[in-house]
Amino acid sequence: MSFVGTIVLEAGPRVNLVEGPNGSGKSSLVTALCVGLGGNMKALGRQTHPEELIRRGCAGFELEITLSGGPSQPDVVVHRRTERGAQGGKQRRGGGSSGSRVGAQTRGGDGTSESDDRYEQEDNDIDAWDCGGGRGRSIQTMWQLDGRAVTEKQVRELSRGMGIHFDNLCQFLPQERVAEFSNLGPTELLESTEEAIGDGHLLQQHKDLKQRTALLKTKREELQRTQDRLGRVEADQAAQAPEYNRLRRRNALRREVQQLQWKRLCVEKERRITQLERLRAQVAAMQGRVREARQRLAQAKAPLSNRTCEVEELQRVVNARSQEERDLNGQVERSQETLRRLEQQLQAKEEEFEGLKAKSARWRVDVARTRQELDRVKSERVALPRGLDPQQSARQAALAAEIPQGAGEIATVQVQLNQKRKDIEEVAAGIRLLEAALQKQWDLREQRLQKLERKLPLSRRLYEWITEMRSAGRFRRRVLGPVLMEIRPMPDRTSASQLEFVLTDANLGAVITEDQEDNNVVHNWLDQNKAQAKGRRNRLLFLPEDPGPVQYTDGHPSQYAGFGITGTVDQIFEATSDLVKQAMCISCGINTAYVGTEYAEQAQVVEALFSRTPVRRLLTPRLSTVVNTSEYDRSYRSQKIQDLPPAELLNDDAGAAHGDEEAKRRELATMRQEKASLEAEAQQLEESLRQRRAAVRVLENEKQQLQNLRTRLEKSAMDLLRRESELARQLTRLEHEGEPLATAGTLRNELCNIAEEMMGQASNTVQLIMELHDVHRGLGAMELSVAAANASLVPLQQAVRRAAEVVQAAEREVAAAEQRVERTQERVREAEAHVREELGPAGRPDAATLEAWAQFPEQVEELEELLAAKQAEMEQAQAALRGDEAAVMDAWQRRATEIADLRQRSAAGSNEVQVVEADVAARKATWLPELKRHMEAINETVKRHFASIGCAGEVVLRESGEEFDKYAAEIRVQYRSQEPLRPLNRNHHSGGERSVATMLYLMALQGVTTTPFRVVDEINQGMDSCNERKVFNLLVESSSRPDTPQCFLLTPKLIAGLHYNSHVRVLPLRYMPATRMSVLPAVATLLILEAEGHEGEAAGGGGAVTCGASSGRAAAATGSQASHHQQQQPQQQRLPVGEIAGLPQLPWHRVKSILFYGRDSTAGQD
């Protein structure tokens, strides 16, 4: 609808600013690029069928695009002509784009466009003409490539071969999909970036990794199922093993026991031989380490030896004097040692003499006491009774009969009491159920569940299921919901009405999750129970990251207190978790809905609030007011005022009880009376039981006393006899030892001799000490010199000591290992001897024995356990035989066959899992480093761009191990110094801030992509003039460098004072006034012919190759990557055609600009 006739746009090789007001045809230029190069129309976000591009009343459209082939390469001309078929009505020719729009294209979970089915839905490939259905009419399209008729598939292959991908928002960003690109998630942004880098092989590798990871997961699940089945079958087999063994092996158990014993001996021998070989290998390794340690010790000793020689020379000077000192020291020490020895001898003799005295006193006391004790024991043994008297014996026999009779009566009463207690417990359980049912009717939570269940029938089951899962700890992170149950009671009716109005029933019944796996679990439960939802299903809100505290993007409520604002909706209620408020802020914007008093309902207050502040939603006690602002005209506003209905779900008044409440209460009273009666009967039985037990205890105590009396008498007699014998032996021993003081005279003489010898030795020691003192005074200075020299040896000695310690440790290990080898060799010899005893001189089993051993385990411990089991089974097998032997044998064989098959499948599955794991690791090693390299390059460029505009930003590759579907590219920005660096998010950043970040990211992609051109439509609409200027300067700078893609930036306006250079070309588009439409038929042909003449005269063609169509046909055309030569300015000629249009004599290109674009585009250049 924007273009009439033929329009030719000459694009520059670098930056092309297509500027014009709304409706001037900028988006039609984007549409021409897409449909002219075989792009999918769904990538436009507007039209979905070529018929929608044909102007009303026209027969079709025609366009031609010239792509630069590069240096020394011919240009490529793509021509498309599309017309309605015979049913199309009037065959008038014209062209343009209609104003029809469709919803924005969505993207699948794997990051690919839903239209990635390679355009089968648009046109079928043909050789010259093709027909397709649409809106009840046939559409005919003809494609030409450099004048040759081709198919649409060939055109698409050409575009893809040149790196042109219209479904990639990083390369082709039309106006209708700007918001979609800004809202791309980190995962989708990474996939779009991968597709834009190079030839898109990174994206294909990423997709392959996700597919292989899914295959790996499937293989692992199949393997787990096989292993689970194998475990169950083996468990069944093990459960039936005893019966099978009784049937199959009842006559062979003795032979099996013998085979087990033989195998245990052989296995033990082999194990010890293996252990011996392993120990020998360890000894060899340790000996190698000892040799290495000794070599290092020798290397450490070399410098020590050199230094020691130097020190020894100095030491020899001191040695003579030191030798004299050592001799004297030795004499003094020997003298002191002799003195100490004599002193010890003297002390020992004195202690021995004192000991004799004490021993003599104790001997006398022991003899006297032993004789007295012996006389006393003999008298007690004579007086002790020999047993119970006849009366006590008769009583003991009577008690033996009375006690069992009393125990029988107690058992009878106990059975009656247990039955009564069981009856009481049953009645008490019924009472608790009735009390709980009555309490539940008045519970606030139950009230809310009842009301919410009327709105969303699945809410009660969902709440009970979430509570059970949360109590069992089956959720990885927090799962809350429904939201109504997480909101604390609200006594204020007005606040409850405001909150319920903003949240709505859908959000009050929503469930909130933080973890992806938890989210999937809840989603699956909702799908499984959707039949009970009756079409009204609870929402599921997923918050993968903590959004932090609530942010007030329209200003803090305290700023608007003068307008009667008291807060926002998130401040009027309390929840069980801050996650509830965060989710509601994202879901329904409660942080942007402001709450005011009745003062805020006044018309002048509302007008002032909405005109002076960014507030757009206001809730007062009676009304809800919402203001909408036009995206294109900020001065236009519309208001929506609604009465605030009373709260229903959040109205926490007590509800009416059910009609059967009185019946339940009567039943409760009856059951309580029954319980009291049963408790009284139980108390009577308990009293009777206590009395009977007391009587039995009295009898048992009496019986025990008689028994204890008899035992004590017998024990006393034995103790007295034993004591009498011990005392007699003790008295005999003491009399045999005799008086200890008989040897005291000899001991006194030895004491005198030792004292005289000590006095002489002390005098000699004093003389030697005086001589040693004289020698010390002369040796001091000489020792200082030697100490200084020795100090230099300390580091070297420490090194040698450490090396020596290592050698010693290694030698100790070798010695210990050799000891273990010797012990093991001895055990091996013992085991071989046992084997020869059992199996004969050869010591080897025959073939039949080996075949019998194959079914036994290989470990000694297991063999011993099995041997013990077989021996026990051998004793019980004959007595334990049962019938139906054929059925047992048949079932056993079937399970054995299945176990073998499952084990084979398990081994094969394990191999397949290993192969796929290796393949995933190899693919990741190829894909991830290259992706990191590109992302680091993009990150550095983004950081530099943000720094140049006074902000901070970065691009982070968020990895997720083997979960390749969770890899993401995250843009983090900081527009204000007081804020942290945070991910780009529509909840925290304005549209302009997201536009700035998006544009800087697109510019950063220029360094890593091979696309010939990039198209961005009206990305600057959300920017202020300051940011738009900064972004424009960066765009000019980054796009003016060599080997950068051609860039088309479409905008409805350009701010004044922008800095342009020779690489920037402005392509203005304007409306065609009605007064100039009348002269267009007369001058269009002349202008085009004149333009073609000037283009032929210009050498080389200059900038981007242009395109056009004959007069009378509609076409939208532009250029792709331009050549590397700047276009020459056309010669300033004056055309007479200007007079036809009522214009003065002007150059032809200025007349064309005025006629077609509505202004003189070169007026500022003259």
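UniProt positions are given here in the numbering of this structure, with shortened feature names, and such annotations may be inferred rather than shown by experiment. The model is predicted, so local features need pLDDT of at least 70 and side-chain atom pairs pLDDT 80 or more, while totals for chains, interfaces and linings use all residues. Residues count from 1 along each chain as its sequence is written, and side-chain values use heavy atoms, without hydrogens or water.

**Exercise 1.** Find where UniProt places the feature "coiled-coil region".

*Solution.* The unreviewed entry lists residues 206-296, 325-359, 661-737, 800-834 and 860-887. Next, take residues 325-359: this span is 100% helix, with its end C-alpha atoms 50 Å apart. For residues 800-834, also 100% helix, the end C-alpha atoms lie 51 Å apart. (Helices are DSSP runs of H or I, at least four residues; strands are runs of E, at least two; both are numbered from the N terminus.)

**Exercise 2.** Classify the aromatic pair of Y560 and Y594.

*Solution.* Start with the rule: rings of Phe, Tyr and Trp (its six-membered ring) pair if their centres lie within 6.5 Å; planes under 30 degrees apart are stacked, over 60 edge-to-face, the rest tilted. The structure holds seven such pairs. Now locate the partners: Y560 is in the loop between strand 10 (540-542) and strand 11 (565-568), and Y594 is in strand 12 (residues 594-596), 34 residues away.
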